[in-house]
Amino acid sequence: QRLISHPKIHNGFVDVLKLPSVRATLDKLDDNNKRAALIKTVELFAYGTVREYYALKEKGEVWTLNDVQLEKLRMLSVVSIARGQIEKFHSGE
């Protein structure tokens, strides 16, 4: 929760999932659905969008985000979309 809510952390989310201490904590979760939802939620902040969040939320595949987390995901979504447009422009598509 703190990772995706922290106001100064805007990248490195997937790298956090690779940390040994985080892997050990994930491995201790008894519920595979909770573990999968946690991982998908963090991955959304790494390279997902708000649209994807709502689609996954309907299926119960991610955590329900609070207002602060949702606003952060919205901002990161804008960055992702802009980055995609810049890459598209530079590739000549």
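Start by selecting helix 5 and helix 6, residues 50-58 and 67-91: their axes are 8 Å apart and cross at about 130°, so the two helices are oblique to each other. Axes here are lines fitted to C-alpha atoms over the stretch in contact, with angles from 0 to 180 degrees between N-to-C directions; under 35 degrees counts as roughly parallel, over 145 as roughly antiparallel, 65 to 115 as roughly perpendicular, and the rest as oblique.

This is a predicted model, where local features need pLDDT of at least 70 and side-chain atom pairs pLDDT 80 or more, while totals for chains, interfaces and linings use all residues. Numbering starts from 1 along each chain as its sequence is written, and side-chain values use heavy atoms, without hydrogens or water.

Next, show side chains where the pair meets. Val50, Tyr53 and Tyr54 of helix 5 touch Leu70, Leu73, Arg74 and Ser77 of helix 6, a contact being heavy atoms within 4.5 Å.

Now switch to cartoon for the whole chain. You'll find six helices and zero strands (DSSP runs numbered from the N terminus: H or I of at least four residues, E of at least two). The C-alpha atoms fill a box of roughly 45 × 30 × 25 Å along the principal axes. Of contacts between residues at least 6 apart in sequence, 56% join residues at least 24 apart.

Finally, colour by burial: 27% of the 93 residues are buried, meaning under 20% relative accessible area with a 1.4 Å probe, protein chains only.

Definitions and conventions:
Buried means under 20% relative accessible area, exposed over 50%, partly exposed in between (1.4 Å probe, protein chains only).
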